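Trainee: Could you take me through this model one feature at a time, giving the general idea before the particular case?

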Amino acid sequence: MTIPLVDLASQHAEIADEIRPALERVFATTAFVGGPEVAAFEREYAEYVGVAHCVGVANGTDAIELALRAVGVGPGDEVLLPANTFIATAEAVSHVGATPVLVDVDEEHLLIDPARVEGAITDRTKAILPVHLFGQTAFVEELQRLADAAGVVLIEDAAQAQGARRWGRPAGSLGRLAATSFYPGKNLGAAGDAGAVTTDDPELAERVRITAAHGSPSKYVHDVVGRNSRLDAVQAVYLRAKLARLEKWNQLRREAATRYDELLAPFDGIRRPRPAAGNEDVWHLYVVRVDERDRVLDTLAADGIGVGIHYPTPVHLTRAYSHLGLGPGSFPVAEAAARRILSLPMFPHLSMDQQERVADALARAVAVA
Ligand SMILES: *Cc1c(COP(=O)(O)O)cnc(C)c1O
């Protein structure tokens with residue numbers, strides 16, 4: 001029996017019966033884009049995150065782009081973001097015509113390092129875009145201080161942190177705006193692509209909503225050159241059912257993380273993740289660090305264990321961003337981590353048996369080194 005990295009089937013099984021009537025209603029009324037299900041989800045997600053406004057959009061990358069546009073980030077501007085993130089964070093900056101300025105991360109948590117952010121701020125900096133990586137909230141209070149001092153905006157990439165809290169405050173409510181992704185594998189996942197922007201600012205929310213709907217505040221009125229990035233009703237139905245279970249599912253992830261911590265503690269050579277002070281993590285990923293990672297990964301894969309690397313190549317070393325001209329050695333912490341990180345199976349329905357098998361296999365693979 002193989003153990004997947006992420007098990008979406010068990011999540012679907014929990015909601016399958018419940019979503020049927022709502023899905024049938026969507027198909028019967030043919031309200032496919034926007035409509036009452038989308039409006040209801042937006043209300044519920046805003047309430048969950050503790051903000052005044054949520055705008056559902058087509059995916060997380062668009063959400064970041066729309067948030068950047070809403071505060072006027074564009075050509076000539078620089079946006080600071082971590083070197084080790086999913087490439088979408090940088091892509092969104094590029095798509096508004098601004099320059100992604102990568103910053104190295106802290107060694108312990110692999111979150112954008114506020115000390116290094118300070119040194120990267122220039123006259124052109126327009127925004128700081130921290131990523132709440134692996135389900136841990138970035139060090140936002142320090143980042144906010146730096147943003148305030150420099151007169152720039154803090155925007156969260158909260159794609160991996162639905163339900164996470166820092167000093168009791170929810171991720172997604174900590175910046176001027178926040179972008180999130182409901183890609184199926186995220187803690188709150190849709191049945192396809194989906195995303196959202198959250199904010200307390202009604203004007204910014206309206207700007208995102210209008211831009212995402214062809215610059216159109218009402219039918220056939222076009223105030224700006226917008227685009228099409230809207231949330232589908234089918235996704236809203238799916239997301240509402242999963243949102244109702246998110247707290248429970250995140251709690252199950254926390255319990256699984258505690259079990260991994262106990263199971264792996266006896267073994268040398270496996271560096272376990274440690275939550276930062278003030279953080280209530282939601283364990284989007286459980287990432288250990290080992291030597292000879294590629295060999296360990298192959299061994300686990302051969303044992304039928306779903307493992308991953310998030311991410312094997314820091315943004316500056318991808319071909320897509322070779323034009324930044326930042327070679328190996330530019331961000332030593334992110335680069336060293338990329339060689340050692342290994343994501344273990346992590347999902348709400350992960351069983352003790354499965355975790356024991358993962359821990360056994362990992363300990364054996366590492367011991368061979
Ligand atoms: C998933 C993800 C995104 C992009 O979301 P999509 O919905 O796939 O466009 C952006 N940033 C981070 C950190 C992510 O994990």
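Mentor: Let us start with burial, where buried means under 20% relative accessible area, exposed over 50% and partly exposed in between, with a 1.4 Å probe and protein chains only. At 8% relative accessibility, Ser 181 counts as buried, and its place is in strand S8. This is a predicted model, in which local features need pLDDT of at least 70 and side-chain atom pairs count only at pLDDT 80 or more, while totals for chains, interfaces and linings use all residues. Residues are numbered from 1 along each chain as its sequence is written, and side-chain values use heavy atoms, with hydrogens and water left out.

Trainee: Which backbone nitrogen does the side chain of Ser 181 reach?

Mentor: A polar contact is a pair of N or O atoms within 3.5 Å; within protein, one must be able to donate a hydrogen and the other to accept it, and residues adjacent in sequence count only if both atoms are side-chain atoms. Here the side chain of Ser 181 reaches the backbone nitrogen of Tyr 183 at 3.1 Å. Contact in the wider sense means heavy atoms within 4.5 Å, and, leaving aside neighbours within four places in sequence, the partners of Ser 181 include Gly 60, Ala 159, Gln 162 and Lys 186.

Trainee: Where does Lys 186 lie, and is Lys 186 buried or exposed?

Mentor: Helices (H or I, at least four residues) and strands (E, at least two) are DSSP runs numbered from the N terminus, and Lys 186 lies in the loop between S8 and S9. Lys 186 is buried, with a relative accessible area of 11%. The "active site" annotation of the unreviewed UniProt entry covers Lys 186, although such annotations may be inferred rather than shown by experiment. Beyond its neighbours within four places in sequence, Lys 186 is in contact with Ala 159, Gln 162, Ser 181, Arg 253 and His 284.

Trainee: What is the order of the strands in the open sheet?

Mentor: Two strands pair if DSSP finds at least two bridges between them. The seven strands of this open sheet follow the order S1-S9-S8-S5-S4-S2-S3, with mixed pairing. Strand S1 (53-57) and strand S3 (99-103) each have a single partner strand and stand at the edges, so one side of each is left without a neighbour in the sheet. Further in, S2 (residues 78-82) and S4 (residues 125-128) run parallel and are joined by three bridges, with Ile 128 in S4 as the bridge partner of Leu 80.
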